Amino acid sequence: MEQETTQVKEISQEIEKRRPRILMVDDESDLELLVRQRLRRRIRSGDYEFLFASNGQEALEVLKENPDIRLVLSDINMPVMDGLTLLSQLESADPDICAVIISAYGDMGNIRTAMNRGAFDFVTKPIDFNDLQITIDKTLRHIDMIQQALSSRDRLVSLKQELSVAKNVQMSVLPPVPSPNPYYDLHAQMTPAREIGGDFFDYFEVDEFHLGLVIADVSGKGVPAALFTLVSRALLKSAACNHDSPSRCLSDVNELLSQQNDSLMFVTLFYGVLDLRNGNLLYCNGGHNPPMVVRTADNTTSALPTTENMALGIVADHKFNEKLLVLEPGDSLFFFTDGITESSDNTDEEFGESRLEKVLTNQPHENMASMVDSVLKALSNFTVGMEPFDDVTCLALRWNQAKPEK
């Protein structure tokens with residue numbers, strides 16, 4: 001009898017150990033009751049066990065008391081400690097925890113920041129509980145896969161070698177340094193925050209008189225982001241061969257990326273086509289940071305007007321808009337990802353666009369390599385001692401003079 005009781009206890013403990021524990025962090029008072037009601041079957045069957053916290057600080061305390069929690073569902077806007085701050089704390093609290101952000105669909109800027117800070121996925125409010133259940137199951141499967149990988153030291157060594165190869169592949173597909181020419185000067189640089197990154201840049205001759213310019217940032221990090229990066233880049237170059245219009249190119253790419261996008265990944269992407277004969281830049285911005293234009297006549301720097309488009313891969317039938325910018329000889333463009341402007345110092349203050357504008361405006365730049373170096377040096381001085389949390393990518397271009405038609 002005693003032996004049977006011991007066996008029952010051991011089985012119960014094993015079941016408890018296998019039952020996923022989920023922490024939901026939200027300051028809405030009725031959310032706990034709603035979750036327990038709408039997901040009651042899965043809870044009763046032992047598929048889930050929920051714990052709740054009303055803000056980020058309380059969540060950290062719950063995590064400390066329950067080290068077996070592997071999934072955190074968190075709102076962004078909360079008192080005491082918001083969801084973005086909680087995300088930055090999770091890495092030190094437990095790097096194995098997977099986070100899913102819950103926020104309003106219109107809050108895409110914060111959602112993008114959350115994905116850059118390591119969130120695995122997001123769910124929009126008001127919560128569709130069928131979608132929430134699918135997201136939870138998908139994330140738990142992802143966690144199981146990660147835990148299985150971490151259980152084998154040999155697998156970790158192999159994975160590190162694979163990442164090294166993937167990094168070499170990713171860096172090898174970046175465009176070569178352009179040959180010197182009298183019509184424009186161009187320089188670009190990308191520094192991944194991890195072994196492989198989710199940023200990319202590109203430049204290519206659309207034809208004899210038109211230069212295509214691209215900078216992009218894929219949501220998330222690691223191998224999935226790198227693969228999404230390669231796909232996005234290839235689709236854009238293919239579309240550029242078929243359309244003169246940047247907006248048509250982004251529409252085609254968005255349509256293909258949105259199909260069967262179960263991972264809900266997206267990419268912010270700026271694509272412009274510079275006419276080397278007259279300095280006209282026709283561009284379309286898909287939710288990316290607006291590039292800076294530096295005017296040589298009055299030594300001013302300003303952001304390009306937005307084209308009011310969303311990121312690619314979210315809504316298949318989004319209508320993309322484009323605009324025209326006219327450059328004068330000597331004017332420069334500086335393209336960048338948010339790894340520059342959102343990098344923080346040891347007080348959590350961001351580098352920001354105003355500092356970037358000052359670097360671009362106040363320092364003379366003999367060429368575009370010196371412009372890039374000046375920005376990266378200023379960023380390094382600002383973030384000294386801090387580990388980068390996002391890829392740092394930039395591209396600088398100066399239009400020197402009109403290319404004559406033969």
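Reply: This is a predicted model. In it, Gly56, Ala59, Leu60 and Leu63 of α4 meet Leu86, Gln89, Leu90 and Ala93 of α5.

Me: At what angle do α4 and α5 pack, and how far apart are their axes?
Reply: The angle is about 20°, and the axes are 10 Å apart. Here α4 covers residues 56–65 and α5 covers residues 83–93. Angles under 35 degrees count as roughly parallel, so α4 and α5 are roughly parallel to each other.

Me: Is the crossing of α4 and α5 left-handed or right-handed?
Reply: Right-handed.

Me: Now α12 and α13. At roughly what angle do their axes cross?
Reply: Roughly 140°, and the axes come within 10 Å. Helix α12 is residues 352–362 and helix α13 is residues 368–382. That makes α12 and α13 oblique to each other. The crossing of α12 past α13 is right-handed.

Me: Which residues make the contact there?
Reply: From α12, Arg355, Leu356, Val359 and Leu360; from α13, Met371, Ser374, Val375, Ala378 and Phe382. By class, the contact of α12 with α13 has seven nonpolar residues, one polar and one charged.

Me: Is cysteine 241 buried or exposed?
Reply: Cysteine 241 has 68% relative accessibility, so it counts as exposed.

Me: And cysteine 249, buried or exposed?
Reply: Cysteine 249 counts as buried, because its relative accessibility is 0%.

Me: Backbone next. Which peptide bond is cis?
Reply: The one from lysine 125 to proline 126, with omega near -5°. Proline 126 sits in the loop between β5 (121–125) and α7 (129–150).

Me: What is phi of asparagine 299?
Reply: Near 55°, which is a positive value in a residue other than glycine. Asparagine 299 is in the loop that runs between β11 (292–295) and β12 (300–303). With a relative accessible area of 44%, asparagine 299 is partly exposed.

Me: What about phi of aspartate 348?
Reply: Phi of aspartate 348 is near 70°, again positive in a residue other than glycine. The loop between α11 (338–341) and α12 holds aspartate 348. Aspartate 348 counts as exposed, at 59% relative accessibility.

Me: Last one: where is threonine 337 found?
Reply: In the loop between β14 (332–336) and α11.

Me: Buried or exposed, that threonine 337?
Reply: Buried: threonine 337 has 0% relative accessibility.

Me: And what is threonine 337 in contact with, leaving aside its neighbours within four places in sequence?
Reply: With those neighbours left out, threonine 337 contacts Asp199, Ile215, Ala216, Asp217, His288, Asn289, Asp391, Val392 and Thr393.

Conventions. Residues numbered from 1 in each chain as written. Predicted model: local features only at pLDDT ≥ 70, side-chain atom pairs only at ≥ 80, totals over all residues. Heavy atoms only, no water. Axes fitted to C-alpha atoms, helices over the stretch in contact; angles between N-to-C directions. Helix = DSSP H or I, 4+ residues; strand = E, 2+ residues; numbered from the N terminus. Parallel < 35°, antiparallel > 145°, perpendicular 65-115°, else oblique. Left-handed = near helix turned anticlockwise from the far one by under 90°. Contact = heavy atoms within 4.5 Å. Nonpolar A, V, L, I, M, F, W, Y, C, P; charged D, E, K, R; others polar. Buried < 20%, exposed > 50% of the residue type's maximum accessible area, 1.4 Å probe, protein only.
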